[in-house]
Amino acid sequence: MKITNVEVIHLRIPAIDEECEWGEDALVVRVHTDKGITGLGEADSSPMVIKALIEAPNSNLYCNGLKALLIGENPLEIERLWQKMYWSSNYVGRRGAGIHAISAIDIALWDIAAQFYDVPLHTLLGGKYRNKIKAYGTFIPVDCAQENINFAQNLVKKGFTSIKFGGGILGNHPDTDYQTVKSIREAVGSDIELQIDLATRWKTAGHTLAMCKRLEPFNLNWIEEPLLADDRYGYQKLASQVPQKIAGGEALTTRYEFKDFLEFHQPDIVQPDITRCGGITEMRKINDLAQLYGVHLIPHGFSTGILLAASVHFLAATEHGTLMEYSESPSLLANDNGLVIDPIRFDQGYLEVPDRPGLGIALNEQIIKRYQVM
């Protein structure tokens, strides 16, 4: 079997010159083969940057576009192809967007392999530990407190027992942060797990320590990315002083960055995104590191049903893969809103692990035609 094409699909709901919110754009790849098997992948990143990294012509030994490296290759040789892409693009890759692009292709290669062997992806990854995975619902808080309360209460009605909110207004003002957390905690009650995502807006360890102390009465399950991942010493201060668990890592790529993060930052929870960290191939190595350091791996996942499917298969085949993020974005590109046919099914707080070959999903061509950026 040989790779015949790497198709890059940029989707965007707002016009290019209009503001875009999380969940409103996507970069999807389809890897085609001469046996008629097509694999799906995604990079949750800047779509036009990823498209360029995949489609760029060769510039020199270490500046290769990824597509040209793969044409004619056997898609089943996943580890070798990962290393080929990594080595042959390391002047423009190695971290950041270069690894995001590799992630999309890697997921598609695993999808192809599982379809080729006619097994669900979790079987190819070693077998599933569980048939369903607990999900926590994520939403973006807005200026209106009652809207946030309604959103949180609706998540509880859907069956979520774990909720996270972040972005939007959160992190911009201490009093607003306090009131937002207080009102949502009071609205959902004490039995619901509640976590917040600061998207690095608290900026300094001193401010974070003060806010963690102030929010202590609301029993937050974890506080996510209060600081940039570059702030090693800030994270070390938090690890030794705050009562809440500290989570982070969604912006990191490859086992190399995650090893430093686990060793020096000392998080309680690590959150690689399978469409950014290096795909399934690298996610497995990051999970091994997390286990060595005694840290719970809970993937980041706020994008399409492709990311969700890849993450659910990975977690199903992971010994401690017991919790997954579930985006509550209303975007037609998000989770089960329209882009993906046969999406991962959510039911009463859990995501069901599918047993169809490969990722077990397909794309809605009408959505692609409507929102593809040409």
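I take helices (H or I, at least four residues) and strands (E, at least two) as DSSP runs, numbered from the N terminus. With that settled, I looked up arginine 94 and found it in the loop between helix H3 (78–88) and helix H4 (97–116).

**Ground rules**

I am working on a predicted model, where local features need pLDDT of at least 70, side-chain atom pairs count only at pLDDT 80 or more, and totals for chains, interfaces and linings use all residues. I number residues from 1 along each chain as its sequence is written, and side-chain values use heavy atoms, with hydrogens and water left out.

**Entry 1: the whole chain**

I counted 13 helices and 15 strands in the chain. I then checked the radius of gyration, taken over C-alpha atoms, against the globule rule, which is 2.2 Å times the number of residues to the power 0.38. The chain comes out at 20 Å, close to the 21 Å that the rule gives for 374 residues, so it is as compact as a globular protein of that length. Along the principal axes, the C-alpha atoms fill a box of roughly 60 × 45 × 40 Å.

Next I looked at burial, where buried means under 20% relative accessible area, exposed means over 50%, and partly exposed is in between (1.4 Å probe, protein chains only). Buried residues make up 57% of the 374 in the chain. For areas I used the Shrake-Rupley method with a 1.4 Å probe, and for residues only the protein chains shown count as cover. The chain exposes about 15,200 Å², and carbon and sulfur atoms supply 50% of that.

For contacts I asked for heavy atoms within 4.5 Å. Of the contacts in the chain with a separation of 6 or more, 73% are between residues 24 or more positions apart.

**Entry 2: strand S4**

Is strand S4 (residues 132–139) largely enclosed or open? Seven of its eight residues are buried, so S4 is largely enclosed by the rest of the structure.

I then went through its partners, taking two strands as paired if DSSP finds at least two bridges between them. S4 runs antiparallel to strand S14 (residues 350–352), and three bridges join them. Lysine 132 has glutamate 352 as its bridge partner in S14. With strand S11 (residues 323–327), S4 pairs in the parallel sense over five bridges; there, leucine 323 is the bridge partner of lysine 134. Strand S5 (residues 162–166) is also a parallel partner of S4, over three bridges. In S5, lysine 164 is the bridge partner of threonine 138.

Together with helix H6 (residues 145–158), S4 and S5 make a right-handed β-α-β unit. Right-handed here means that, with the strands pointing away from the viewer, the path from the first strand over the helix to the second runs clockwise.

**Entry 3: valine 142, on the way to H6**

Valine 142 sits in the loop between S4 and H6. I noted it as partly exposed, with a relative accessible area of 32%. Beyond its neighbours within four places in sequence, valine 142 is in contact with Glu147, Asn148 and Ile169. Leucine 170 is 28 residues from valine 142 in sequence, and their C-alpha atoms are 8.5 Å apart.

**Entry 4: loops with a positive phi**

Back to arginine 94: its phi is near 70°, a positive value in a residue other than glycine. Arginine 94 is partly exposed, at 38% relative accessible area. I found another case in asparagine 219, where phi is near 50°. Asparagine 219 lies in the loop between helix H8 (205–214) and strand S7 (222–224), and at 56% relative accessibility it counts as exposed.

Which residues does arginine 276 touch? Not counting residues up to four places away in sequence, I found Asp44, Ile99, His100, Ser103, Glu250, Thr253 and His300. Arginine 276 is in the loop between strand S9 (269–270) and helix H11 (279–292), and it is buried, at 13% relative accessible area.

Serine 190 is in the loop between helix H7 (174–188) and strand S6 (193–197). Serine 190 is exposed, with a relative accessible area of 61%. Its C-alpha atom is separated by 50 Å from that of histidine 32, 158 residues away along the chain.

**Entry 5: cysteines**

I searched for disulfides, meaning a pair of cysteine sulfur atoms within 2.5 Å, and the count came to zero. Cysteine 63 is buried at 16% relative accessible area, while cysteine 144 is partly exposed at 33%.
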